[in-house]
Amino acid sequence: MTLDRYAAAEGFYKQAMAYAPVPDLQIMWLLHLCDAHQEMQSWAEAAQCAVAVAGVIMQVLIFFLEFVFCCKNLVIPLWSFFIFKIFL
């Protein structure tokens with residue numbers, strides 16, 4: 001069975017976009033797409049895939065940091081409230 005490399009790369013792209021809500025799977029499919037472009041010696045497209053992976057990682061880190069700082073502001077006042085109630 002012969003498989004067109006461009007069709008395979010297009011399939012990898014479609015899978016990456018389908019799994020956009022799941023960062024781990026999106027990164028996996030983008031890396032497969034990057035490998036496919038490297039095999040075809042399409043260096044610019046492979047670099048774009050690597051930048052897209054970095055973008056997904058940055059989105060996850062920003063979401064995580066916003067969650068940590070948001071919860072930190074909520075947890076510390078609650079913690080101090082309970083400590084205050086226990087000792088007084």
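Is Glu10 buried, partly exposed or exposed? I found Glu10 partly exposed, with a relative accessible area of 45%. The scale I used calls a residue buried under 20% relative accessible area, exposed over 50%, and partly exposed in between, with a 1.4 Å probe and protein chains only.

**Ground rules.** This is a predicted model, where local features need pLDDT of at least 70 and side-chain atom pairs count only at pLDDT 80 or more, while totals for chains, interfaces and linings use all residues. Residues are numbered from 1 along each chain as its sequence is written, and side-chain values use heavy atoms, with hydrogens and water left out.

**Salt bridge.** I stayed with Glu10 and looked at its partner. The side chains of Glu10 and Lys14 meet in a salt bridge at 3.6 Å, N to O; the term asks for a side-chain nitrogen of Lys or Arg within 4 Å of a carboxyl oxygen of Asp or Glu. Because Lys14 and Glu10 are four residues apart in helix α1, about one helical turn separates them. Lys14 is exposed, at 52% relative accessible area. The structure holds one salt bridge.

**Overall layout.** I read the pattern along the chain as α-α-α, with three helices and zero strands. These elements are DSSP runs numbered from the N terminus: helices are H or I of at least four residues, strands are E of at least two. Buried residues make up 19% of the 88 residues. The accessible surface comes to about 7,100 Å², and 71% of that belongs to carbon and sulfur atoms; areas come from the Shrake-Rupley method with a 1.4 Å probe, and for residues only the protein chains shown count as cover.

**Core.** Which residues have the most contacts inside the largest nonpolar core? They are Ala9, Leu30 and Leu33, in a core of 13 residues. Helices α1 (5-18), α2 and α3 each give two or more residues to this core, and α2 gives the most, with six. Such a core is a set of buried Ala, Val, Leu, Ile, Met, Phe, Trp, Tyr and Cys residues joined through side-chain atoms within 4.5 Å. In soluble globular proteins, nonpolar side chains tend to be buried together.

**Ala9 and His37.** Beyond its neighbours within four places in sequence, Ala9 is in contact (heavy atoms within 4.5 Å) with Leu33, Ala36, His37 and Met40. I followed that list to His37, which is found in helix α2. With 13% relative accessibility, His37 counts as buried. Leaving out residues up to four places away, His37 touches Ala9, Ser42, Glu45, Ala46 and Cys49.

**Gln41.** Here I checked the backbone. Gln41 has a positive phi of about 60 degrees, although it is not a glycine. Most residues other than glycine have a negative phi. Gln41 lies in the loop between α2 (23-39) and α3 (43-87), and at 57% relative accessibility Gln41 counts as exposed.

**The other loop.** Ala20 lies in the loop between α1 and α2. Its relative accessibility of 37% makes Ala20 partly exposed. I also noted that Ala20 and Val56, 36 residues apart in sequence, sit 8.9 Å apart in space, C-alpha to C-alpha.
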